[in-house]
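Subject: Structure for your review

Dear colleague,

Please find below the structure that I am handing over to you.

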Amino acid sequence: MDIIYRAENLFDAHLVKDALEAEGIPAFISGEYLTGAVGQLPAMDYIAVMVPESSLAMAGGIVREVEAQLGAARLAIDEDD
């Protein structure tokens, strides 16, 4: 399996994983259980979404779409504040 997405947090990782699986691409979250080990410290670069090498090309488009939606949502939240 290859890394297709490095997540800022576990929520983002699950959003990407769910979007990939909805399109029939098997996905795995690597480092999901490491977040408890770091406690209150930010879990930077521990969480990654992985897909089979044969699915990399198709998964890339889906990941870009989810990233765009996440960016738009974060921007909308920032504008509300």
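A residue is called buried when its relative accessible area is under 20%, exposed when that area is over 50%, and partly exposed in between, computed with a 1.4 Å probe on protein chains only. By this rule Arg74 is partly exposed, because its relative accessible area is 33%.

Please note that this is a predicted model, in which local features need pLDDT of at least 70 and side-chain atom pairs count only at pLDDT 80 or more, while totals for chains, interfaces and linings use all residues. Residues are numbered from 1 along each chain as its sequence is written, and side-chain values use heavy atoms, with hydrogens and water left out.

The sheet

Helices (H or I, at least four residues) and strands (E, at least two) are DSSP runs numbered from the N terminus, and two strands pair if DSSP finds at least two bridges between them. On this basis there is an open sheet of 3 strands in the order β1-β3-β2, with antiparallel pairing. Strands β1 and β2 stand at the edges with a single partner strand each, so one side of each is left without a neighbour in the sheet. From one strand to the next, the twist averages 40°. For angles, axes are lines fitted to C-alpha atoms, for helices over the stretch in contact, and the values run from 0 to 180 degrees between N-to-C directions. Helix α2 packs on the sheet, where it touches β1 and β3, and its direction makes about 10° with that of β1.

Strand β1, residues 2–6, pairs with β3 in the antiparallel sense over 4 bridges, and Tyr5 stands opposite Val49 of β3. Strand β2, residues 28–30, also pairs with β3 in the antiparallel sense, over 3 bridges; here Ser30 is opposite Ala48. Strand β3 itself (residues 48–51) is covered on both faces: Ala48 and Met50 are buried on one side, and Val49 and Val51 are buried on the other.

The nonpolar core

A nonpolar core is a set of buried Ala, Val, Leu, Ile, Met, Phe, Trp, Tyr and Cys residues joined through side-chain atoms within 4.5 Å. The largest one has 17 residues, of which Ile4, Tyr5, Val16, Leu20, Val49 and Val51 touch the most other members. At least two residues of this core come from each of β1, α1, β3 and α2 (56–80). The most is given by α2, with 5 residues.

Val16 belongs to helix α1, residues 10–22, and counts as buried because its relative accessibility is 1%. With contact meaning heavy atoms within 4.5 Å, and neighbours within four places in sequence left aside, Val16 is in contact with Tyr5, Val49, Val63 and Val66.

Charged pairs

Side chains of opposite charge can pair when their charged atoms come close. A salt bridge is a side-chain nitrogen of Lys or Arg within 4 Å of a carboxyl oxygen of Asp or Glu. How many salt bridges does the structure hold? There are 2.

One of them joins the side chains of Asp12 and Arg74 at 2.4 Å, N to O. Asp12 lies in helix α1 and Arg74 in helix α2, so the pair ties together parts that are 62 residues apart in sequence. Asp12 counts as buried because its relative accessibility is 4%. Beyond residues up to four places away in sequence, Asp12 touches Tyr5, Ala7, Leu70 and Arg74.

The side chains of Glu21 and Lys17 also meet in a salt bridge, at 3.1 Å, N to O. Both residues lie in helix α1, 4 residues apart, about one turn of the helix. Glu21 is partly exposed, because its relative accessible area is 36%, whereas Lys17 is buried, with a relative accessible area of 18%.

With kind regards
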